[in-house]
Structures are given as structure tokens and as C-alpha cells.
Amino acid sequence: MKRLQAFKFQLRPNGQQERDMRGFAGACRFVFNRALALQNENHEAGNKYIPYTKMTSWLIDWKSSTDTDWLKGSPSQPLQQSLKDLERAYKNFFQKRAAFPRFKKRGQNDSFRYPQGIKLDSENNRLYLPKLGWMRFRCSRKIIGTVKNVTVNQSFGKWYASIQTEYEVAESAHSSTSIVGIDAGVTKLATLSDGTVYSPVNSFKANQRKLATLQRQLSRKVKFSSNWQKQKRKIQHLHSRIANIRKDYLHKVTTTISKNHAMVVIEDLKVKNMSKSAAGTVSQPGRNVRAKSGLNRSILDQGWYEMRRQLEYKQQWLGGQVIAIPPAYTSQKCACCGHTAKENRRTQSEFECLECSYTANADINGARNILAAGHAVLACGGMVQSGHPFKQEPTEVIQVSV
């Protein structure tokens, strides 16, 4: 079995390399947006979608044109990969896996990808990229496998390289035989059916006051001035710290759960719908907008989707499974007798069944209901998985015949 795994490292470019990378990212963004605009015009004219093989001819014309001949200064492979990204975005839209492709904005997800021409010097922690030359990076772990491609992206003012490799791995069988249900929440990040509780880290809440102070200071400065740029970098650094704290904690939690349990049952939560604004419209304003806004911040601060994504790929690595079940009535149903009523859950933490007088912590009761639903799915011989495409952080596993 072959595994594709990505190793992400922070790059250490010199001044010229950093300027070149910003230019390459801008060129790739330009190619993507211009091709998308032409595709939209073609669609409005009633014509069929133009495939990648024909879009590449546009790239040749743009490099020959006097208005866009500056594209010659960028490597050809990343520009071609931008067109492939656009084609992939259209395919995902046509197959109802994603929304319609949108134009890219400067400073948001600036990136470009090299499929070939990469050289790796692991001994000296150097990476060679076409038209950029050798560049040092902060190597935090050993790189395994053969390099397939490298994606360079900017995040919070820093440049990173994701090196994707391919290598052989043996079929894995999980060392544990247990199954556990997980109830995700705000006051408790995750409550397991065996009684284990993981408290939330609340990284955004802990830094919310400091972030508000920095943003007020930014609003008083002249936009795009030197001091405005310095203040913006401070805000970016704080956002990066908030995200890193959350992600690090989720990695620790999901690693512990994945190692101890061969099968994990979770709720198929629609976080996007759960965190929608309650402001409403001018004609029909919403109610309890401030309270709902605070709840939305708390939901997004937990990173439920990120926790699920990490559980999925880690369980696949270890030979385990993740089952996603519908979340309806898991908090109102009695885990003892099955009686379902809204009144069963008296408070946020107290559960008392009106039918059999069973009492328990509300989150533990919900986790046991989730576990029971997972057993029911297994008994029926199927698995309820999410509707979104399967994503993993560092790997993709490919089955091959030997």
C-alpha cells in the first residue's frame, strides 16, 4: 500500500526570494482569475465548459501579449497548476462537492505549486525550487519517501513549503478493540462514552481582549501606512498563535483517542449551519442576536470540524474507523430506556429521564446515545459518513495491487 504524506516546514528565504515568491503567487492568482473570468463569459454565452487542455493555449497567448508578458518571469509549472486548480474547482462544483469557483484575492491563501524540478538536501535542510534557487527551511522532523510535489504558501506573513512524498507502508491493524462515542460541546470539547472528558482550550476567548485592543489601534492608523503595516503584522501574529494553540491541542486529543480506540463514533455536525448569524434582515431582524453571536464564536473556537478531520486520517493510519451518525435527539434521548423528550435534559449538565428516572451527566448520556447509534449502524452492515469530501492533513492512502 502506498501512502502520500505532506511534511510542512517554514521557509527561510532571503529578501530577493521573498519578493520573487510574492510575485509568483500574484502571477498564479492573475492566471486563475483571468481564466475564471473567461470561463464565466463563455458560460453566459451559452457555450460548454472549456477544459484544461484548451486553457493552456490562453497561457501561451498571455505570455506573448505585451500587456501580460511579465508572466514570463514566473515559472511555467505553477501557472499551469493554477489552471488545473480551476478545472478541479469546476469539477467539484459540477459534482456538487463544492460551491461555484470564486475569484482569488490578494493576501488570502497566496500559494503556488511545483510538480517537478524540485531538489531536496535533507542533510543541510535546503530545498531547491525552479527560479528561486536553494532555500533553507526549518526542519522539524525527518522527511520520508520520494518527493512528488511542493506547495509554497504564505500564512500570517510567513512562507511555508508543504513537501508531499510517496512511500510504501504495510497494512495496519489497530492494536485496540474498543469502540467509543464522542459528544462534542462548548463547555466540554469532547465527552467520551467511557466517562473521559476533554476540556476546551478556548484559545480565541483567551486572546479576544488583546485582539480587540490591537484592532482598535489599527483602526486609528492611516491605511497602508508604515505604522498600519506594522500593526497589521501584530494582528496576524496573534491570529497565528490562536490557531496554532487550538490545532496543537486538537492534535494531542485526537492522537490519544485514536491510539486507545479502534472505532470512534461521532455526530455528523453541520458546523456551518450551526454557526450562522441570527441578525436577519432589515425587514425581519433576528432575535437574541448578541447571545447567538457569542455562541457562534464559542462553536468556532472549538474546531469541531478540525477534530473530526484529524480523527479520520489518524484512524485510517492506525487501521481504525470513524463512524458519523445523525445528531438528531442524541441530547434528549435516555441512554437507559430510550425515552426521548426535550424535558429530559433539565440543564446544560443535568439529564434526568421522565420515564425511568435515570440520571446522568448530560454530555455522558449523549455520548452513550452516540455510541448506541454507532452500534446500530454496524449491526445494519453499513457506515454513515459525512457528505463532504474526505480530507486528511498530511496523508492520502492509495490501495495498489502487488
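**Figure 1. Phe224 in the loop between helix 4 and helix 5.** In this predicted model, Phe224 sits in the loop that links helix 4 (203-219) to helix 5 (226-260). Its phi is near 70 degrees, a positive value in a residue other than glycine. Is Phe224 buried or exposed? With a relative accessibility of 59%, Phe224 counts as exposed because the cut-off for that class is over 50%.

**Figure 2. Asn109 in the loop between helix 3 and strand 2.** Here is another backbone to look at: phi of Asn109 is near 55 degrees, a positive value in a residue other than glycine. Asn109 belongs to the loop between helix 3 and strand 2 (111-114). Its relative accessible area is 68%, so Asn109 is exposed.

Figure 3. Phe94 is part of helix 3, which covers residues 76-94. How accessible is Phe94? Its relative accessible area is 48%, so Phe94 is classed as partly exposed.

**Figure 4. Asn42 and its contacts.** Follow helix 1 (residues 15-44) to find Asn42. Asn42 counts as buried because its relative accessibility is 14%, and buried means under 20%. Which residues does Asn42 touch, leaving aside its neighbours within four places in sequence? Its contacts are Asn47, Lys48, Tyr49 and Ile50.

**Figure 5. Residues 1-48, with a UniProt domain feature.** An unreviewed UniProt entry places "domain: Transposase putative helix-turn-helix" at residues 1-48. In the model, this span is 62% helix and 23% strand. The C-alpha atoms at the ends of residues 1-48 are 39 Å apart. Asn42, in helix 1, can be found again in this view.

**Figure 6. Residues 162-277, with a UniProt domain feature.** For residues 162-277, UniProt (unreviewed entry) gives the feature "domain: Probable transposase IS891/IS1136/IS1341". The span is 48% helix and 20% strand, and its end C-alpha atoms lie 34 Å apart. For orientation, look for helix 4 (203-219) and helix 5 (226-260), with Phe224 in the loop between them.

**Figure 7. Residues 304-370, with a UniProt domain feature.** The feature "domain: Cas12f1-like TNB" is placed at residues 304-370 by UniProt, again from an unreviewed entry.

**Figure 8. Domain 1 and domain 2 of the chain.** The domain assignment gives domain 1 as 2-168 and domain 2 as 179-279 + 286-380. How many residues does each domain bring to the contact? Four residues come from domain 1 and four residues from domain 2. The C-alpha centres of domain 1 and domain 2 are 33 Å apart.

**Figure 9. The chain as a setting for the close-ups.** Stepping back, the chain has nine helices and 15 strands. Its C-alpha trace spans about 80 × 60 × 50 Å along the principal axes. Of the 402 residues in the chain, 39% are buried. Among contacts with a separation of 6 or more, 68% involve residues 24 or more positions apart. The accessible surface of the chain is about 23,100 Å², and carbon and sulfur atoms account for 50% of that area.

Note on methods. Residues are numbered from 1 along each chain as its sequence is written. This is a predicted model: local features need pLDDT of at least 70, side-chain atom pairs count only at pLDDT 80 or more; totals for chains, interfaces and linings use all residues. Side-chain values use heavy atoms; hydrogens and water are left out. Helices (H or I, at least four residues) and strands (E, at least two) are DSSP runs, numbered from the N terminus. Buried means under 20% relative accessible area, exposed over 50%, partly exposed in between (1.4 Å probe, protein chains only). UniProt positions are given in the numbering used here, feature names are shortened, and annotations may be inferred rather than shown by experiment. Domain bounds come from an automatic or database domain assignment. Contact means heavy atoms within 4.5 Å. Accessible areas come from the Shrake-Rupley method with a 1.4 Å probe; for residues, only the protein chains shown count as cover.
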